[in-house]
Protein chains: 2
Amino acid sequence: MAEVKICVIGAGSAVFSLNLIRDLVLTPNLYGSTVSLVDINEERLNAVYALMRRLCEETGARYKLEKTTVRREALRGADFVINTALAAGHQRLREGWAVAERLGYRFGGSLHVMHDEAFWINFYQFRLFEEIIEDVLDLCPDAWYIQLANPVLAGVTLLGRKYPEAKIVGLCHGYKAVYYLASVLNLDPSRVEYTAPGLNHFIWLTEFKYGGGDAYPLIDRWIEEGAKQHWEKCAPSDALGPKAVDLYRRFGAFPIGDTCTPGGGSWPWWYHVDEETERAWKEDPRGWWRGYFSWLEERVSETLAVARDSSSRVVDRVALEKSGEDIVPLIESIACDVPRKLQVNVMNKGGLVPGFPTDFEVEVPALVDGGGVHPLEVKGLPRPVLAFALRDRVAPVEVELEAYERGSREALVQLVTMDPWTRSREQAERLVEKILALPYHEEMRAHYR
Amino acid sequence: MAEVKICVIGAGSAVFSLNLIRDLVLTPNLYGSTVSLVDINEERLNAVYALMRRLCEETGARYKLEKTTVRREALRGADFVINTALAAGHQRLREGWAVAERLGYRFGGSLHVMHDEAFWINFYQFRLFEEIIEDVLDLCPDAWYIQLANPVLAGVTLLGRKYPEAKIVGLCHGYKAVYYLASVLNLDPSRVEYTAPGLNHFIWLTEFKYGGGDAYPLIDRWIEEGAKQHWEKCAPSDALGPKAVDLYRRFGAFPIGDTCTPGGGSWPWWYHVDEETERAWKEDPRGWWRGYFSWLEERVSETLAVARDSSSRVVDRVALEKSGEDIVPLIESIACDVPRKLQVNVMNKGGLVPGFPTDFEVEVPALVDGGGVHPLEVKGLPRPVLAFALRDRVAPVEVELEAYERGSREALVQLVTMDPWTRSREQAERLVEKILALPYHEEMRAHYR
């Protein structure tokens, strides 16, 4: 048992915070800890705070809850800092997409344009990440900084390079798709073992075992016997859809979670060249995003409705079960020395994943315990997978970070020339100019000269 | 002085061999050495041998000349093995280009299709490189293997990974374009110092000094005051043309030699999207190649004419001056312990160029002396340059080598999907199928399954 201080930045995210508090309620090891909620949206902050407070009271979970709109207040004395904040909302993302679509951009491997890690979103995220980590180093330098907000890949790389003294770990639940695969194969999840390393949103199942034996033959059998049936009922752009299976056949390892779904940018482009091709592969990134945004809005309204309705008990309206997110388990493992193997995003120090630069983010398994996060070396990816990762993930992120660090509009254009849908330098220039010209991007316009 | 045995594979290349023998004649340090010429084309071999023998007799340069069509005979006891062989001739290259053009491919960053390192050329080169190095390790394991034949980048990587015990060094005269730059700037070449590291055919001027001071301001002044005039008289696709200057402006380092010219694949694609764009940048890769092929043919006919005309003296028809190639200087440095700084292509062992994989080729300066080739660490490239190198050079070569090593037609198609002119997976598949279907590619067809 340990009493720690957990600071949650972007706590107004109702869905996230509800998951967090449920996990905390179900983790008595952390009772007595302080949870300090930070958000600049005071209304949302108050609602989430009230919800969490009621849930604690109803369940008897002993947490000290605090709330503030002033980040630095909350950081003082923090042991864990969770960053889940999105600086620029989805409305701006979609307005940028509309501009890009008019210039010929499409979903499908367009990782810095037609993706939620678009350069006009990431810019504000980078700035926020830096402000937060600087505050952390100032006010609670020993705290673990837990990066949940996207872009995890570029964010961990940026911060890891610039603030090597900070204790940074990124979490992404994308790898849980291994359990989706296991469930479709009718496997008992407790008997599944796996390794799925790579870069965030680009991880591949390099080892897959069931009851100690190689489970890849079970995937092969499912592809022969069960996949067709699955594809008849699954939604478009499914993580186990025809595209994922085709990638597995071509690359020899199964792509996991967001690696090829819209959540990770629908890599690669060649399944998305036109609507007919997308239909043939049962892909619909546009519909996927529409579904995601409305799912999110619904969940937020639902959660806020519960928060605002103080006449009924929260426990009567919200199932009290673990969310499956790794944040609270990570905190418990470190704070209470409960060893766990978790999937983490860290710098590739010492070459954890062979073939990637050592000053770049990787996603790998780690042993987490009272001593902290100990990332584990893995055997590495098939060479062509590694090559595509260097080409489509590492290279653009390098250029994006260079653009950000130097405030270089030229590098931003170079980033866009790397997009699979760019057909001319002028097209890339036009996109950058048109995005920067949007009235609310004043600061970004001033930054990229 | 040292008497060594130099084995020249592909000696039937008349232009190359004439340069080599002139350099040897002008290097008395190596007199007494044996030069063993190997070629499978006996007629060409005999002509070149006769030419070299006459030049030695006329000048009194004491070399023992041998010739054979049987490689293994020549390798016995060799101290230096020069590989300049092209397994499949330019005719096949051009026939492949014609197929590719009908499918929509263009010159401009198309490094494995519309380039002389096309996959249907490289396949035969890789096989030959491996056969030679295996013979070297069998018959003269202490010999230095000097890779001149393209692809130097992929070849050194392939051999360096697979035969770590071999002493491999690649040479490419592309970096000499630094002296072209110096001459256009009216600089005394003996006072020029520079560093131009990278990958073969992708090197950038990271340091440029004149008389000890930074000489980049001289480039900037030339761009302001002299470039326009130069562009009026220079040929299209010049190494100092508007494209090179534009790349320098955008990336902050000057691209050297084949980095952006047709000889290196006319990187990057965006200066080549259509003929109008090419004209605007004074680019004409098609014309450049046409010029190159006919220059080569003329030089070969000329040299063979001299060789076959035994009525006149060679020295009367061939200027006896050093070629500027680094092969003989390298051999002299090692054989006679004459320290020199030379530009070499070696594995990136120990991270000579930061940011590149350590099991990949790099082009760097090296100290060469009696102890061998000692590559020097460099400061590294601007991050965006490094990013484009990972994306456009490292990633495709990784996939090409994977295709070659596994005989994987699928990986070959993946390689072509990386080409900037590929617009669909089907297009890439069609190109691979159509090239493999050419009647003379029987062996390659059998290899890539």
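Me: What volume does the largest cavity have?

Reply: About 570 Å³. Keep in mind that this is a predicted model.

Me: Which residues lie nearest its centre?

Reply: A:Arg391, A:Met418, B:Arg391, B:Met418 and B:Pro420. The lining of the largest cavity has 41 residues in total.

Me: Which helices supply at least two residues of that lining?

Reply: α15 and α16 of chain A do, together with α15 and α16 of chain B. In chain B those are residues 383-406 and 409-417.

Me: And how do the lining residues divide into nonpolar, polar and charged?

Reply: There are 23 nonpolar, 10 polar and 8 charged residues in the lining of the largest cavity.

Me: How many cavities of 30 Å³ or more are there?

Reply: The count comes to 7.

Me: How much space lies in the second largest cavity?

Reply: About 120 Å³. Its lining has 16 residues. A:His112, A:Glu117, A:Leu153, A:Arg393 and A:Val397 lie nearest the centre of the second largest cavity.

Me: Which elements give two or more residues to the lining of the second largest cavity?

Reply: α6 (152-162) and α15 of chain A. The largest share comes from α15(A), with 5 residues. By class, that lining has 6 nonpolar, 6 polar and 4 charged residues.

Me: Switching topic. What rotation superposes chain B on chain A?

Reply: A rotation of 180 degrees, with 0.0 Å of shift along its axis. The RMSD is 0.0 Å. That is the relation of a two-fold axis.

Me: Which residue of chain B comes closest to the rotation axis?

Reply: B:Arg391, with its C-alpha at 2.0 Å from the axis.

Me: Through what surface do the copies meet?

Reply: The same surface, because 100% of the interface residues of chain B are also interface residues in chain A.

Me: Back to α16(A). How many of its residues are buried?

Reply: 9 of the 9, so α16(A) is largely enclosed by the rest of the structure. Among them are A:Arg409, A:Glu410, A:Leu412 and A:Gln414.

Me: What covers the buried residues of α16(A)?

Reply: The cover includes α5 (119-139), α15, α17 (425-436) and α18 (442-447) of chain A. It also includes α10 and α15 of chain B.

Me: Which side chain meets A:Glu410 in a salt bridge?

Reply: That of B:Arg250, at 2.6 Å, N to O. B:Arg250 lies in helix α10 (residues 242-251) of chain B and A:Glu410 in helix α16 (residues 409-417) of chain A, so the pair joins two chains.

Me: Are those two residues buried or exposed?

Reply: A:Glu410 is buried, with a relative accessible area of 18%. B:Arg250 is partly exposed, at 25%.

Me: Why can such side chains pair?

Reply: Side chains of opposite charge can pair when their charged atoms come close.

Me: How many salt bridges are there over all chains?

Reply: A search of the whole structure finds 56. One of them joins B:Asp326 and B:Lys176, at 3.4 Å, N to O.

Me: Where do B:Asp326 and B:Lys176 lie?

Reply: B:Asp326 is in the loop between α13 (314-317) and α14 (327-336) of chain B, and B:Lys176 is in the loop between β6 (167-170) and α7 (177-184) of chain B, so the pair ties together parts that are 150 residues apart in sequence. B:Asp326 counts as buried, at 9% relative accessibility. B:Lys176 counts as partly exposed, at 27%.

Me: One more pair. Which side chain meets B:Asp309 in a salt bridge?

Reply: That of B:Arg317, at 2.7 Å, N to O. B:Asp309 is partly exposed, with a relative accessible area of 23%. B:Arg317 is partly exposed too, at 43%.

Me: And which residues do shared partners join into one network?

Reply: A:Arg71, A:Arg72, A:Glu131, A:Asp135 and A:Asp138.

Me: Last one. Where does A:Asp359 lie?

Reply: In the loop between β13 (340-347) and β14 (361-369) of chain A. A:Asp359 counts as partly exposed, at 27% relative accessibility.

Me: What does A:Asp359 touch, leaving out residues up to four places away in sequence?

Reply: A:Thr157, A:Arg161, A:Met347 and B:Arg383. A:Asp359 and A:Arg161 are 198 residues apart along the chain, with their C-alpha atoms separated by 6.6 Å.

Conventions. Residues are numbered from 1 along each chain as its sequence is written. Chains are lettered from A and ligands numbered from 1 in the order in which they are written. This is a predicted model: local features need pLDDT of at least 70, side-chain atom pairs count only at pLDDT 80 or more; totals for chains, interfaces and linings use all residues. Side-chain values use heavy atoms; hydrogens and water are left out. A salt bridge is a side-chain nitrogen of Lys or Arg within 4 Å of a carboxyl oxygen of Asp or Glu. Helices (H or I, at least four residues) and strands (E, at least two) are DSSP runs, numbered from the N terminus. Buried means under 20% relative accessible area, exposed over 50%, partly exposed in between (1.4 Å probe, protein chains only). On a 1 Å grid over the protein atoms alone, a cavity is a set of points where a 1.4 Å probe fits but cannot get out, and a pocket is an open set with protein on both sides within 12 Å along at least five of seven lines; lining residues have an atom within 4 Å of a point. Grid points are joined across faces, edges and corners, and a volume is the space filled by probe spheres set on the points. Ala, Val, Leu, Ile, Met, Phe, Trp, Tyr, Cys and Pro count as nonpolar, Asp, Glu, Lys and Arg as charged, and the others, Gly among them, as polar. Copies are superposed by least squares on the C-alpha atoms of residues with pLDDT of at least 70 in both. Contact means heavy atoms within 4.5 Å.
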